[in-house]
Amino acid sequence: MKKIKVVNRSAFDLPRYETAGAAGMDVRAAMAEPILLNPLERALIPTGLFVELPIGYEMQVRPRSGLAAKHGITVLNAPGTIDADYRGEVKVILVNLSDKSFEVSPGERIAQLVVCRCEQAEWEPVEALTETDRGTGGFGSTGGVKVLENE
């Protein structure tokens, strides 16, 4: 298991994996007062966490499925990315996609954090790409999605 340096300035425990097979750790809202999210509103929610990721890693901020399914609350820029050289507070952009107001309470589990390896790439300009069976087919080309074409 990879060790990640963390400073916790919240009043809550560090995020943790809830099951042995979990990919993400639930992160909690760290503020003094509740925040009301009205329909279609968004807010930047603090977590009180500051991390030092090793080079070659990122932390993804993803929605919690229960909040999304039950209340229409999701992470607006999902997945959000925390880069290895970022040292500020981890914050979560929550948005309310429902037709009802939702109160985010201090200590509430608001998102998942997933730590992933990632590589930086270097562009290699070429005149053509290798042919494949799929070719340029995308956005439903393998079935199941209706694609509207621009004419």
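1. A strand here is a DSSP run of E with at least two residues, numbered from the N terminus. With that in hand, Val-115 falls in strand S10. Keep in mind as you read on that this is a predicted model.

2. Staying with Val-115 for a moment: its relative accessible area is 25%, so it goes down as partly exposed.

3. Four strands make up an open sheet in the order S2-S10-S5-S7, and the pairing is antiparallel. The edges belong to S2 (25-28) and S7 (80-82); each has a single partner strand, so one side of each has no neighbour in the sheet. Going from one strand to the next, the twist averages 35 degrees.

4. For a closer look at one pairing, take S5, which covers residues 57-62. Three bridges join S5 to S7 in the antiparallel sense. If you want a residue pair to click on, Val-61 has Gly-80 in S7 as its bridge partner.

5. On to the packing. In soluble globular proteins, nonpolar side chains tend to be buried together. The largest nonpolar core in this model has 24 residues, and the members touching the most others are Val-92, Leu-94, Val-104 and Ile-110. Strands S4 (42-52), S5, S6 (73-75), S8 (89-96), S9 (102-104) and S10 (109-117) each put in at least two residues. S4 gives the largest share of this core, with four residues.

6. What about disulfides: how many are there? The count is zero. Cys-116 is in none, as its nearest cysteine sulfur, on Cys-118, is 8.0 Å off. Seen from the other end, Cys-118 has the sulfur of Cys-116 as its nearest, at 8.0 Å, and is likewise in no disulfide.

7. Cys-118, at 34%, counts as partly exposed. The cut-off for buried is under 20%.

8. Last, the rings. Searching the whole structure turns up zero aromatic pairs. There is a charge over a ring to look at, though: Arg-9 sits over the face of Phe-50, 4.7 Å from the ring centre.

Methods. Residues are numbered from 1 along each chain as its sequence is written. This is a predicted model: local features need pLDDT of at least 70, side-chain atom pairs count only at pLDDT 80 or more; totals for chains, interfaces and linings use all residues. Side-chain values use heavy atoms; hydrogens and water are left out. A disulfide is a pair of cysteine sulfur atoms within 2.5 Å. Buried means under 20% relative accessible area, exposed over 50%, partly exposed in between (1.4 Å probe, protein chains only). Rings of Phe, Tyr and Trp (its six-membered ring) pair if their centres lie within 6.5 Å; planes under 30 degrees apart count as stacked, over 60 as edge-to-face and the rest as tilted. A charge sits over a ring if NZ of Lys or CZ of Arg is within 6 Å of the ring centre and within 35 degrees of the ring normal. Two strands pair if DSSP finds at least two bridges between them. Axes are lines fitted to C-alpha atoms, for helices over the stretch in contact, and angles run from 0 to 180 degrees between N-to-C directions. A nonpolar core is a set of buried Ala, Val, Leu, Ile, Met, Phe, Trp, Tyr and Cys residues joined through side-chain atoms within 4.5 Å.
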